Amino acid sequence: MVATLMLGASASARAQGVRPYTVVGDAIPASLTGAPGDPERGLKIVTNRQVGLCLLCHSGPYPEERFQGTMAPTLAGAGTRWSEGQLRLRMVDAARISPETIMPPYYRVDGLTRVAPGFRGKTILTAEQIEDVVAYLKTLKN
Amino acid sequence: MEKRLRLVAPALAIVLAAIASLAFAEIPLSQRRSGYEQMSREVKAMQDDDTSNPASLSVLDGEALWTRREGSAQKSCADCHHDAETSMRGVSARYPAFDAAKRRPLDIEQRINLCRTEKQQATPLPFESRDLLALTAYLGKQSRGMPIAVISDDDTKPFIEAGRQIYARRQGQLNLSCQNCHDDNAGQKLAGVELPQGHPTGYPLYRLEWQSLGSLQRRLRNCLFGMRAEPYAYGADEYVDLELFLMWRARGMTVETPAVRP
């Protein structure tokens, strides 16, 4: 596959504190922070319904968590299905892969409509949180 | 290569059109379901029995308001409209309805307030106020069991279309549209809750989560809040257009007002 290089974040996004990243194919190979994330913190983000919001739509290997979603594939095995870079792009801005996806853009502030004032100009997760979640999802092997 | 492209292009166009129509698929009329059908037996029973339906008190309040003289004109609703059980039968089922003077559709709340300001010379009732909810519940009750029958004609079509566009538009930090959940994923679970198709068959309704009666606009605000989107102001044209589209989408379904929902 021919690798395509795209500059991730636009100038206005950079001004609002979104770090630039490089998309290669369907992945962002490099850490947004330049450092690996912490999978234990990632697990806490994923299962927190106010922070990660993941279990609203996804289910996962959490028998103790009630009320998991069925709108999206299970997180179980995500680390087998996807590489670290693929997971990162799917977190950052999954619409780049599939424009019709319902996966929210966790690290994008551009191209959104009527964002509530308290969230305007802010990403759903910070770069550090994205890296923690990516590090955690990598551990979800089949 | 060029020849192959010429062969592939129409096929590709068909595939793309199929994908586009899938993405914007509306629920077939025969497959529409009221949120009522997804409720537990206990909550259904609560709605079905007027003596246990917590909205019944508001309906009684509305009945009392119907005959109360208001404003500097000292007129009651009943002074012009007489017995609501006959004059208001089927009215709510047609709202939002086009108002020739305003050149746009009004919802039932706005229609009541227009009567208040113009006929009763009274101040409009605030959205979500006890009295406005009571009156809309009382009026809605007069259409209970009747089919939703908003009018789609040259006057209303542009507003139905405007509502449809709001329904389909991605909004908020989570970048979701109404359609993403209530058409494309209806029946799936959002956390533990089965997503309804979102037909406004029972408003105003008593929501156990609210512990009160509330309007459709209040419910729409809840969803916008969840999408991390900026809500519209109560009474905004966008809400009324969306209400009109949703009622048109639910055309023919049975009015349940005052409904009960979890």
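Modeller: Let us begin with chain A: among its contacts between residues at least 6 apart in sequence, 51% join residues at least 24 apart, where contact means heavy atoms within 4.5 Å. This is a predicted model, in which local features need pLDDT of at least 70 and side-chain atom pairs count only at pLDDT 80 or more, while totals for chains, interfaces and linings use all residues. Residues are numbered from 1 along each chain as its sequence is written, chains are lettered from A and ligands numbered from 1 in the order in which they are written, and side-chain values use heavy atoms, with hydrogens and water left out.

Colleague: What makes up the pattern of chain A?

Modeller: Chain A has 6 helices and 2 strands, and along the sequence they follow the pattern β-α-β-α-α-α-α-α. Helices (H or I, at least four residues) and strands (E, at least two) are DSSP runs, numbered from the N terminus.

Colleague: Why does Arg104(B) count as buried?

Modeller: Buried means under 20% relative accessible area, exposed over 50%, and partly exposed in between (1.4 Å probe, protein chains only). Arg104(B) has 13% relative accessibility, and therefore counts as buried. In chain A, buried residues make up 44% of the 142 residues.

Colleague: Which side chains are joined to that of Arg104(B) by a polar contact?

Modeller: A polar contact is a pair of N or O atoms within 3.5 Å; within protein, one must be able to donate a hydrogen and the other to accept it, and residues adjacent in sequence count only if both atoms are side-chain atoms. The side chain of Arg104(B), a residue in strand β2 (residues 104–106) of chain B, has such a contact with Asp237(B) at 3.4 Å and with Asp241(B) at 2.9 Å.

Colleague: How much area do chain B and chain A bury between them?

Modeller: Buried area is the accessible area (1.4 Å probe) that two parts lose on being put together, summed over both. For chain B and chain A it is about 2,200 Å², 55% of it on carbon and sulfur atoms. Gln173(B), Arg228(B) and Glu230(B) supply 32% of the area that chain B buries against chain A, more than any other three residues.
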